[in-house]
Amino acid sequence: GPGLPEQAPSVKRFTLLFGAVLEVSLIARIIHPSSPKLRPIGLRSWMSNASATATRVHRIQIHPTDHAGAPRASEFIHRAALLGTTITKATSARIYLIEADLSEDQLDEVVTKLLCNPVVETVQVGTSTPNSDAILAEIHPLPGVMDPPAQSTAAAITALTGVDAMVSTGYRYEIYGLDADETESIAERVL
């Protein structure tokens with residue numbers, strides 16, 4: 001469901017030099033909603049250690065369509081190749097974590113009017129289930145690190161719906177052809 005999973009024992013978490021958190025794990029352990037080791041948490045809890053009231057966190061994934069290509073994934077494959085690592089395939093998506101009391105209609109309006117260009121992108125509300133052959137890497141800014149796309153998205157949501165929102169953005173990569181340790185190593189150097 002919506003929200004970020006807590007750090008499960010199988011998750012490797014490390015901080016990249018530019019202030020992002022990268023979590024690399026076997027995909028079924030991170031994403032599968034029936035995993036007993038995962039519990040959705042509120043965005044405020046993820047963004048700081050301060051306690052906060054429970055508000056629904058909407059997870060929106062924006063994927064490029066096949067005909068539009070995936071420049072972010074292609075760049076990742078290219079940069080890995082320059083470092084001598086062959087990745088057989090990679091996909092990417094933009095992630096928006098929106099903490100707000102939005103109705104379904106308001107959320108649909110936010111997605112269609114602000115976040116997704118339906119000509120070249122598809123949207124997934126919640127978490128999509130990736131191929132079991134993939135290793136997942138997600139990058140999200142650490143608390144206190146500027147996230148200008150999140151700030152402008154939050155302001156646009158408020159202007160569009162009249163509802164105050166907290167937003168965090170990130171990127172999701174599904175990486176094929178590497179094991180978890182290789183993925184962590186290359187992601188630390190490339191992402």
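A residue counts as buried when its relative accessible area is under 20%. By that rule, 45% of the 191 residues of the protein chain are buried. The model shown in these figures is predicted.

**Figure 1. The protein chain has six helices and seven strands.** Read from the N terminus, the order of the elements is β-β-α-α-β-α-β-α-β-β-α-β-α. Among the contacts in the protein chain with a separation of 6 or more, 79% are between residues 24 or more positions apart. The views that follow show places where such elements and residues meet.

**Figure 2. Helix H4 crosses helix H5.** H4 covers residues 104-115 and H5 covers residues 148-161. Their axes come within 10 Å and cross at roughly 125°. Because of this angle, H4 is oblique to H5. The crossing in which H4 passes H5 is right-handed. On the H4 side, the contact is made by Gln106, Glu109, Val110, Lys113, Leu114 and Leu115. On the H5 side, it is made by Thr153, Ala156, Ile157, Leu160 and Thr161. Sorted by class, the residues of this contact between H4 and H5 are six nonpolar, three polar and two charged.

**Figure 3. Leu102 lies in the loop between strand S4 (89-99) and H4.** Leu102 counts as buried, because its relative accessibility of 9% falls under the 20% limit. When neighbours within four places in sequence are left aside, Leu102 is in contact with His58, Leu107, Val110, Ile157, Thr161 and Val163. Three of these names, Val110, Ile157 and Thr161, also belong to the contact of H4 with H5. Along the chain, Leu102 and Val163 are 61 residues apart, while their C-alpha atoms are separated by 7.1 Å.

**Figure 4. Phe76 and Tyr173 form an aromatic pair.** The structure holds one such pair. A pair of aromatic rings is described by the distance of the centres and the angle of the planes. For Phe76 and Tyr173, the distance is 5.5 Å centre to centre and the angle between the planes is 40°. Phe76 lies in helix H3 (residues 71-82) and Tyr173 in strand S7 (residues 166-176), so the pair ties together parts that are 97 residues apart in sequence.

**Figure 5. Gly177 lies in the loop between S7 and helix H6 (180-190).** Apart from neighbours within four places in sequence, the residues in contact with Gly177 are Thr86, Thr88 and Glu182. The view also includes Ala134, which is 43 residues from Gly177 in sequence. In space, Gly177 and Ala134 are 7.8 Å apart, C-alpha to C-alpha.

**Figure 6. Gln151 has its place in helix H5.** Gln151 is partly exposed, because its relative accessible area of 45% is between the limits of 20% for buried and 50% for exposed. From C-alpha to C-alpha, Gln151 and Met166 are 8.2 Å apart in space. In sequence, 15 residues separate Gln151 and Met166.

Technical notes
Residues are numbered from 1 along each chain as its sequence is written. This is a predicted model: local features need pLDDT of at least 70, side-chain atom pairs count only at pLDDT 80 or more; totals for chains, interfaces and linings use all residues. Side-chain values use heavy atoms; hydrogens and water are left out. Axes are lines fitted to C-alpha atoms, for helices over the stretch in contact, and angles run from 0 to 180 degrees between N-to-C directions. Helices (H or I, at least four residues) and strands (E, at least two) are DSSP runs, numbered from the N terminus. Angles under 35 degrees count as roughly parallel, over 145 as roughly antiparallel, 65 to 115 as roughly perpendicular and the rest as oblique. A crossing is left-handed if the near helix is turned anticlockwise from the far one by less than a right angle, and right-handed if clockwise. Contact means heavy atoms within 4.5 Å. Ala, Val, Leu, Ile, Met, Phe, Trp, Tyr, Cys and Pro count as nonpolar, Asp, Glu, Lys and Arg as charged, and the others, Gly among them, as polar. Rings of Phe, Tyr and Trp (its six-membered ring) pair if their centres lie within 6.5 Å; planes under 30 degrees apart count as stacked, over 60 as edge-to-face and the rest as tilted. Buried means under 20% relative accessible area, exposed over 50%, partly exposed in between (1.4 Å probe, protein chains only).
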